[in-house]
There are 2 protein chains.
Amino acid sequence: MTIKDIANAVGVTPTTVSNVINGNYHKVSQKTIDKVQKVIKESGYVPNKNARALANNSSKIIGVIFPKTTEGFMQDPFHSQILTGIEKIVGAKKYDLMIKSIDNYEEIYELMRNWSVDGFIILSLIGYQLPQLEKFKNVPAVFIDTYYEELKYINIGSEDYQGEFKAANYLLEMGHESIGFISYHIDYPSVISMRLNGFKDAIESKGLPFDCSENVLEIVGFDPIGKDCENKILDFVKDKTGICISADILAIEIMELLRSKGYRIPEDISIIGFDNVYLSRLVNPKLTTINQDIIAKGKIAAENLINMIEKNNKEKPNIKIPTNLIIRDSVKKIND
Amino acid sequence: MTIKDIANAVGVTPTTVSNVINGNYHKVSQKTIDKVQKVIKESGYVPNKNARALANNSSKIIGVIFPKTTEGFMQDPFHSQILTGIEKIVGAKKYDLMIKSIDNYEEIYELMRNWSVDGFIILSLIGYQLPQLEKFKNVPAVFIDTYYEELKYINIGSEDYQGEFKAANYLLEMGHESIGFISYHIDYPSVISMRLNGFKDAIESKGLPFDCSENVLEIVGFDPIGKDCENKILDFVKDKTGICISADILAIEIMELLRSKGYRIPEDISIIGFDNVYLSRLVNPKLTTINQDIIAKGKIAAENLINMIEKNNKEKPNIKIPTNLIIRDSVKKIND
DNA sequence: CTGAAAGCGCTTACAG
DNA sequence: CTGAAAGCGCTTACAG
């Protein structure tokens with residue numbers, strides 16, 4: 001079933017059929033429109049989008065790009081929720097979705113030319129790789145959580161600074177005076193460095209001293225936490241009553257470690273996470289954390305991209321999703 | 001940059017360029033091959049796959065189909081891990097990946113015709129909808145976790161029966177005599193009904209009586225668990241020492257519920273899950289469970305699909321991933 | 001071994 | 001309002 005078949009069945013030319021399919025109604029009489037639509041419906045005609053894309057140099061495909069990692073990117077619940085949000089909007093707006101993990105930013109360009117992809121959502125780009133995207137400049141794209149001074153694209157981030165400020169501030173208000181921040185490797189600038197800034201400013205806003213070597217522990221390597229790393233954490237925690245941890249997943253790992261060493265949480269030490277992932281309310285004690293609506297983030301990314309594509313919108317705003325404190329059971333009040 | 005441009009640059013026709021791109025080397029002289037490849041490399045030529053798909057009626061696109069749910073499908077860590085496995089193989093084999101959530105199985109057919117999609121991986125199809133796929137019969141497709149008598153497609157499942165048998169058997173060997181099985185809604189046949197059979201047979205293999213109304217609790221609705229549901233669970237658990245739960249996520253929810261009612265795990269009641277999701281080792285106590293390699297499942301699905309496509313393989317095997325017991329801390333030994 | 005030509009299914013100026 | 005025709009970038013019999 002092709003446009004030509006429809007045209008023959010109705011007794012009209014492919015031009016006319018194409019016009020009704022594409023809603024160019026002002027070019028066709030109502031009588032013809034009706035006849036064509038009837039035959040299309042009855043025949044179960046499905047357009048060949050490859051042909052359409054070839055003729056239009058535009059596919060209504062959106063590409064989601066993420067880094068090729070050994071563990072597998074979607075493993076991380078954060079990313080799968082982003083994808084959930086993206087997929088909802090993309091589907092609702094009648095676009096198709098391609099996903100691809102890459103090693104090398106040339107591959108984005110290649111994918112674009114392969115299929116005449118209309119736009120991209122790019123997850124977890126490392127900032128310093130941005131210059132490689134020069135030739136990509138005129139392609140509609142939105143980034144997620146990419147901080148880089150010269151970013152010429154829309155970025156969808158979160159209020160990371162404000163969120164971690166709230167977290168640290170809560171600890172301080174609960175009477176904690178010696179607090180720390182633990183994170184995986186900290187890139188600058190990045191989501192994590194923003195959070196660290198919020199932490200620092202919360203401390204200083206109370207007139208307390210902040211010192212990187214005192215208040216911050218950056219851990220290398222990934223889960224499960226290695227032996228040497230364990231000792232660093234135990235050492236770091238010793239003289240503190242409360243810890244902000246840059247992500248729930250890591251917070252949960254660390255809670256597990258501390259528990260195994262005989263710490264009671266929150267009696268012996270208070271913990272606060274970031275992200276409010278699903279499992280944060282299922283661990284024991286339930287984790288106090290900073291919430292962000294990750295699915296909304298994916299949706300906003302897709303909505304902005306589609307706006308760029310359809311309205312040829314040239315603005316490059318830096319959008320930030322709000323973050324808010326979720327109080328559960330992993331922080332205790334200190335009275336003195 | 002098109003094939004025609006390359007042809008002009010080399011001084012040859014598009015036919016020849018196409019032949020070298022497609023590896024039809026026996027049709028071209030070595031000298032010409034070299035010249036064409038050199039120009040392709042230098043020019044940064046990228047093929048237009050829409051044109052190729054249009055000419056070939058085949059796209060090297062693989063579609064991953066999943067149901068449109070309100071919560072969002074990829075939320076579930078199980079599904080995002082499957083997707084991780086699929087993406088790895090699809091990328092490695094130089095295919096492209098489209099994903100789409102659907103309400104209605106007609107949409108699969110539509111997607112196929114839209115893009116000349118070469119094959120599909122279909123997740124969480126409800127068995128009784130299979131007959132709707134009649135017209136889809138000749139399209140390469142593999143299903144994941146779909147049990148249906150008349151399945152004419154490859155299905156990639158797990159040893160659900162054997163896994164739950166091992167789980168229940170472990171409880172029995174640890175001295176538990178009154179044990180139960182808790183699950184969300186049980187379809188027949190399905191992953192869950194297979195697990196229930198394994199549970200039942202383990203009990204009966206010890207010469208113990210099995211009675212559905214005694215040993216099985218099917219809960220309706222989803223997380224978080226509702227009030228009425230809570231009471232059912234508490235009631236069910238009262239006269240038992242060990243519980244098999246059909247999925248880790250549910251097990252973790254239930255552990256949380258029991259803890260809040262004063263139960264100590266495993267001292268007061270033993271719990272065993274299924275799936276070995278990431279968080280099962282992060283909860284307290286660490287969850288004893290049945291492991292399956294979910295990423296491998298995704299990989300096997302993709303490998304089988306691509307074999308079907310490329311070798312025109314007509315076999316429809318029913319593949320099952322092994323399951324094994326992971327002993328952690330949520331089951332205690334009962335000595336009498 | 002190489003090329004001319006038709007065809008895949010659509011869109012889009014252009015003419016009438 | 002309708003249609004004839006060229007074009008999008010590829011592939012593939014077929015002829016030489």
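Tutor: The conversation below covers the DNA surface, the sheet and a pair of helices.

Tutor: This is a predicted model, in which local features need pLDDT of at least 70, side-chain atom pairs count only at pLDDT 80 or more, and totals for chains, interfaces and linings use all residues. Residues are numbered from 1 along each chain as its sequence is written, chains are lettered from A and ligands numbered from 1 in the order in which they are written, and side-chain values use heavy atoms, with hydrogens and water left out.

Student: How many residues surround DNA strand D?

Tutor: There are 23, and the closest are A:Thr15, A:Lys27, B:Ile3, B:Ser18 and B:Tyr45. A residue counts as near if one of its heavy atoms lies within 4 Å of the strand. Of the atoms of DNA strand D that come within 4 Å of the protein, sugar and phosphate account for 71%.

Student: Which atom of DNA strand D does the side chain of A:Thr15 approach?

Tutor: An N or O atom in that side chain is 2.6 Å from a base nitrogen of DNA strand D. This is a polar contact, meaning a pair of N or O atoms within 3.5 Å.

Student: Changing topic, how many strands does the open sheet have?

Tutor: It has 12, with mixed pairing, in the order S11(A)-S5(A)-S4(A)-S3(A)-S1(A)-S2(A)-S2(B)-S1(B)-S3(B)-S4(B)-S5(B)-S11(B). Two strands pair if DSSP finds at least two bridges between them.

Student: Why is one side of each S11 strand left without a neighbour?

Tutor: Strand S11 (318-321) of chain A and strand S11 (318-321) of chain B stand at the edges, each with a single partner strand, so one side of each has no neighbour in the sheet.

Student: In which sense do S1 and S2 of chain A pair?

Tutor: They pair in the parallel sense over seven bridges, and A:Ile61 stands opposite A:Asp96 in S2(A).

Student: Finally, which residues of H2(A) meet H3(A)?

Tutor: A:Thr16, A:Val17, A:Val20 and A:Ile21 meet A:Thr32, A:Val36, A:Gln37 and A:Ile40 in H3(A), where contact means heavy atoms within 4.5 Å.

Key. A polar contact is a pair of N or O atoms within 3.5 Å; within protein, one must be able to donate a hydrogen and the other to accept it, and residues adjacent in sequence count only if both atoms are side-chain atoms. Helices (H or I, at least four residues) and strands (E, at least two) are DSSP runs, numbered from the N terminus.
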